Amino acid sequence: MTETWALAALWLGLALLATLLSIWLRVATALSEIVVGTIAQLVIGALVGGAMLGTGESWVRFLSGTGAIVLTFLAGAELDPAVFRTKWKEAAAVGLASFAVPFLVCAAVARFVLHWSVPSSWLAGVALSTTSVAVVYAVMLEFGFNATEYGKTLLAACFITDLGTVLALGIIFAPFTTKTLVFAGAGVLVFAVLPWLTPRFFRRYGNRPSELEAKYLLLCLFGMGALATWAESEAVLPAYLIGMVLAGTVGKDHHLIRRLRTLTFGLLTPFYFIRAGSFVSVPALIAAPMTFLVLLVAKVTAKFAGVYPATKLYKSPPTEAMYTTLLMSTGLTFGSISALFGLSHGIIDQAQYSYLVAAVIASAVLPTLVANAFFLPRHLLGASGERRAASYTSQQETPGRVGETVKGESQ
Amino acid sequence: MNKKLLIAYDGSGPSEKAFAVALDLAVKCRAELLVLAVARPPEPADDVETEAILESAREHYEGLFAPLRELAAAAGISAVFKVVVGHPADQIVRHAEEFGADQIIVGHRGKTLFQKWLVGSVAKRVLSYATCTVTVVR
C-alpha cells in the first residue's frame, strides 16, 4: 500500500497547490487544477518519467470518474424546476440554438478545415458546443436580471444546452443495440420514480450522521452509470438527468448539497481535473497553434451566431444581448468531460484532445480578460434603469437561489 | 452634503479603516451609511463552484458585519449592510447611484500584477467612473 498512499499524497499535494493558486489568482479551481495537471505531467514526466503520476491506476480513474459523475449531478441539480416548467418552450428554443449551431459549425470546421476523422469531428462539435451555466448565472446576478423573465429563460436555456451536450455524448458514440433499449427503458423508469421516491425515503430515514442520503444518491449514480457504460454510452448522461429530475427535491436541500460539495471538491474533482490536465500535450500545442486558434474562432463565432439571434427573438436590448452572447462561453466542466470522453474512448488522439481542452479554456477565459481590459461598469452599457430597478426590488423580496438571497439587505 | 455615505467593505485592514473614517464622518454629518460587500465569482465562473463560493461569501460577510452593526448602532447611525455579486468596482458605482450616495469611501489594497490585470484596481476604477466624491483611505 505504500505506493498507493505515496501516489495519493502526490495527487492531494497537487490539488492543494492548485487550490492555493486559485485563491491567490482568483480563478476557478477547475481551471487551476487543469493547468497544474498539465504542468505537473510536463515537469514530472521530464524529470522522473511520465508514469510517475499514475493516471492509469484503476483507483485514480475511479476517483476521477466519480468526480465527473457527481459534479455533473450537482450541475443538473442547480436547475430551477419551477422556472423550467413555465419557460420550457423559450428555454428549449434558445438552448437548442445555443447547442446545435456551435455543435454543427465546430464539427464542420474540424472535418473540412482541420481534416479530422468523422467521429473526431463530432466529438469536437460536442466539446465546443457547451455553455457555462455558471458564467451566465454570474452575469445575470451582476445585471440584476436573474429575477426577470429574460434572465430566468436564459438560465433555463443553458441547462438545455448542457443537456444537448450530454445527450450527444451519450448517443452519438454509442452503438444502437438492444443494450441501448434496456438502458433507455431503465432510465425512463428511474427518472420517473426518483422524484417521487427520493423525498419520501429521505423524510423517513434521512438527517442522520450515517449520511444515508449520500449513499442513496451515489447508489443511483453508480447504478445508472454502470448501465450506461454497459450500453456503451456515457455515465455523465444519467448523472445529469438524475440531477435535473431531483433539482426540485434534493437540489433544494442546501445542507445535503453542501455536504456533497465537500466530498466533490475536497476529494473527487481534483482527481478529475488534474488527470484531465495531465493529458494535455504542451509540445502538440506549440507544434500546431493554428489548430487551436481555428477551433477557438469557430467556437466563438458559432456561439455568437447561435445565441445572438435567439436573444433578439426574445426582445433583449442590443447591448444586453451582445454581452450575454459573448459571455455564453464554453463551460470547463462539460467541455473537459466531453474531450476526456473522446480521448479515453479512442475517438480523438492526445494532440486533438490538447487542442480541444486549450480551446475550451481559452473560450472560457478570453471574455473575462477582454471585459476587464476594456472595463466599463456594466450597468452603464445601456440597460434600462427602470427594468434594472424593478428587478432589483423583486430580488430583495424573492428568496430562492443563492444569488437572490445574496442580493437581499442584511440589516 | 454628506448625508449618504457608501463604504466598500471587504474585511481587509484598509476597508476596516474606511469603515472607521466613514463612521466618524457619519456621526459628524448625521449621515446614513450603506456598507457594501461584493462577492466576486471566480474567473471564469464554473458550474457548481460558483454557487458554493457565493453562499460561502454571504456567510463570511454576514459574520464580519455583526461587529460593524454594533459599532454603527452604538454611534446612533442608520446603516444598511448588503452583500452583492459581481465586479467590485462595477457594483460599488452602481449601488452608489441607486443609493444616491454623496460620497464613496474605499480602502486601498495592494494587488499583484496578475490580480491587477485580471480584476483591476478597484479604487482606481471607482475613481474613474463614480459620479460622486470618492475618498480612498490608506
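A crossing of two helices counts as left-handed if the near helix is turned anticlockwise from the far one by less than a right angle, and as right-handed if clockwise. What we have here is a predicted model, where local features need pLDDT of at least 70, side-chain atom pairs count only at pLDDT 80 or more, and totals for chains, interfaces and linings use all residues. Residues are numbered from 1 along each chain as its sequence is written, while chains are lettered from A and ligands numbered from 1 in the order in which they are written.

Let's start with chain A. Chain A has 18 helices and zero strands; helices here are DSSP runs of H or I with at least four residues, strands are runs of E with at least two, and both are numbered from the N terminus. Of its 411 residues, 51% count as buried, where buried means 20 or more other C-beta atoms within 10 Å of the residue's own, exposed means 12 or fewer, partly exposed lies in between, and C-beta atoms are placed from the backbone. Two residues are in contact if those C-beta atoms lie within 7 Å. Taking chain A contacts between residues at least 6 apart in sequence, 79% join residues at least 24 apart.

The axes of helix 9 (residues 212-230) and helix 10 (residues 236-245) of chain A come within 8 Å and cross at roughly 140°. Axes are lines fitted to C-alpha atoms, for helices over the stretch in contact, with angles from 0 to 180 degrees between N-to-C directions. Helix 9 and helix 10 of chain A are therefore oblique to each other; under 35 degrees would be roughly parallel, over 145 roughly antiparallel, 65 to 115 roughly perpendicular, and the rest is oblique. Their crossing is right-handed. On the helix 9 side, the contact includes Cys220(A), Leu221(A) and Met224(A), and on the helix 10 side Leu237(A), Pro238(A), Ala239(A) and Ile242(A).

How many of the ten residues of helix 10 of chain A are buried? Ten of the ten. Their cover includes helix 3 (58-77), helix 7 (149-172), helix 8 (178-205), helix 9 and helix 15 of chain A.

On to helix 5 of chain A, residues 118-127. Eight of its ten residues are buried, so helix 5 is largely enclosed by the rest of the structure. Its axis comes within 8 Å of that of helix 15 (residues 332-344) of chain A, crossing at roughly 165°. That makes the two helices roughly antiparallel, and this crossing is right-handed too. Leu123(A), Val126(A) and Ala127(A) of helix 5 meet Gly335(A), Ser338(A), Ala339(A) and Gly342(A) of helix 15.

Chain B next. Chain B has five helices and five strands, running β-α-β-α-β-α-β-α-α-β from the N terminus. A compact globule of 138 residues would have a radius of gyration near 14 Å, and chain B agrees because it has 15 Å; the radius is taken over C-alpha atoms, and the globule rule is 2.2 Å times the number of residues to the power 0.38. The C-alpha trace spans about 45 × 30 × 25 Å along its principal axes.

Finally, the core. The largest nonpolar core has 161 residues, and Cys106(A), Ile7(B) and Val35(B) are among those with the most contacts inside it. Such a core is a set of buried Ala, Val, Leu, Ile, Met, Phe, Trp, Tyr and Cys residues joined through C-beta atoms within 7 Å.
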